[in-house]
Amino acid sequence: MDASTLDQQMMRFAIAEAHAARAAGEVPVGAIVVGPDGTVLGRGQNRVLRDSDPTAHAEIVALRAAGLVLKNYRLTGCTLYVTLEPCSMCAGAILHARIARLVYAADDPKAGACGSVLAVMNHPQLNHRVEVVSGLLAEECGPMLSNFFLERRGKKPLNRHPTSAGGANTGGGNGDDEEEVVSEG
């Protein structure tokens with residue numbers, strides 16, 4: 001399996017975790033940690049509300065699970081797939097875990113720490129570098145997050161499948177439903 005196919009497959013696993021988080025009433029973010037050999041080592045979904053834990057973001061949950069499998073907090077050579085650009089807390093944990101590669105879907109214009117708002121990941125004064133790939137399946141993950149927050153605010157959701165209608169839905173054209181990915185916090 002080539003890297004592109006593996007990336008898409010693993011992001012689909014992360015999306016499944018995001019759907020499970022949403023079903024549990026959490027912000028729909030999911031994450032998967034994959035070892036250098038392609039083995040899934042950890043899965044995570046937002047558990048902030050269920051666990052009453054402000055650190056229970058999907059990335060942290062997945063990193064913890066992978067660390068337990070490897071019996072090591074260093075996840076050298078591993079790839080983290082996540083449906084939303086990590087926040088500063090998660091970016092710090094990714095760096096401390098020595099993740100080799102980060103693949104995320106949707107940018108987070110409110111709290112993203114991989115360049116959207118902050119540049120924590122690969123900051124020049126830090127001693128670890130992570131290969132960062134952004135935008136994989138963003139057209140699916142961005143609307144999933146936007147719809148979650150629109151529905152939470154009692155507004156009409158965006159078209160769930162933007163490509164099924166021959167193009168992206170702009171929410172009816174009245175300007176009230178413009179797409180916005182809102183931060184977890």
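**Exercise 1. Contacts around Arg129**

Determine which residues Arg129 touches, not counting residues up to four places away in sequence, and describe the place of Arg129.

*Solution.* Step one is the contact list: with contact meaning heavy atoms within 4.5 Å, Arg129 touches Ile99, Asn122, His123 and Pro124. The structure is a predicted model, in which local features need pLDDT of at least 70, side-chain atom pairs count only at pLDDT 80 or more, and totals for chains, interfaces and linings use all residues. Residues are numbered from 1 along each chain as its sequence is written, and side-chain values use heavy atoms, with hydrogens and water left out.

Step two places the residue: Arg129 sits in the loop between strand E4 (101-106) and strand E5 (131-134), where helices (H or I, at least four residues) and strands (E, at least two) are DSSP runs numbered from the N terminus. At 42% relative accessibility, Arg129 counts as partly exposed; on this scale buried means under 20% relative accessible area, exposed over 50%, and partly exposed in between, for a 1.4 Å probe and protein chains only.

Step three turns to polar contacts, each a pair of N or O atoms within 3.5 Å, where within protein one must be able to donate a hydrogen and the other to accept it, and residues adjacent in sequence count only if both atoms are side-chain atoms. The side chain of Arg129 reaches the backbone oxygen of Leu126 at 2.8 Å, and a polar atom of that side chain lies 3.1 Å from the backbone oxygen of His123. Finally, Arg129 and Leu95 are 34 residues apart in sequence, while their C-alpha atoms are 7.6 Å apart in space.

**Exercise 2. Positive phi values**

State what phi Asn122 has and what phi Arg98 has, and locate both residues.

*Solution.* Most residues other than glycine have a negative phi. Asn122, a residue other than glycine, has a positive phi near 65°; Asn122 lies in the loop between E4 and E5 and is partly exposed, with a relative accessible area of 25%. Arg98, which is not a glycine, has a positive phi of about 65°, and Arg98 is found in the loop between H4 and E4.

**Exercise 3. The setting of Glu26**

Decide whether Glu26 is buried or exposed, and find which backbone nitrogens lie by polar atoms of the Glu26 side chain.

*Solution.* Glu26 lies in the loop between helix H1 (3-23) and strand E1 (30-34). With a relative accessible area of 2%, Glu26 is buried. A polar atom of its side chain lies 3.0 Å from the backbone nitrogen of Leu49, and a polar atom of the Glu26 side chain lies 3.3 Å from the backbone nitrogen of Val48. Once neighbours within four places in sequence are left aside, the residues in contact with Glu26 are Ala21, Asn46, Arg47, Val48, Leu49, Arg50 and Phe148.

**Exercise 4. Two helix pairs**

Describe how H1 packs with helix H5 (residues 138-152), and how helix H3 (residues 58-70) packs with helix H4 (residues 88-97).

*Solution.* Two packed helices are described by the angle between their axes and the distance between the axes. Here axes are lines fitted to C-alpha atoms, for helices over the stretch in contact, and angles run from 0 to 180 degrees between N-to-C directions.

For the H1 and H5 pair, the angle is about 5° and the axes are 11 Å apart. H1 is therefore roughly parallel to H5, a term for angles under 35 degrees. The contact is made by Arg12, Ile15, Ala18, His19 and Arg22 of H1 together with Glu140, Cys141, Met144, Asn147, Phe148 and Glu151 of H5. By class, this contact of H1 with H5 has five nonpolar, two polar and four charged residues, where Ala, Val, Leu, Ile, Met, Phe, Trp, Tyr, Cys and Pro count as nonpolar, Asp, Glu, Lys and Arg as charged, and the others, Gly among them, as polar.

For the H3 and H4 pair, the axes come within 9 Å and cross at roughly 20°, which makes H3 roughly parallel to H4. Glu59, Ile60 and Leu63 in H3 meet Met89, Cys90, Ala93, Ile94 and Ala97 in H4. By class, the contact of H3 with H4 has seven nonpolar, no polar and one charged residues.

Conventions. Angles under 35 degrees count as roughly parallel, over 145 as roughly antiparallel, 65 to 115 as roughly perpendicular and the rest as oblique.
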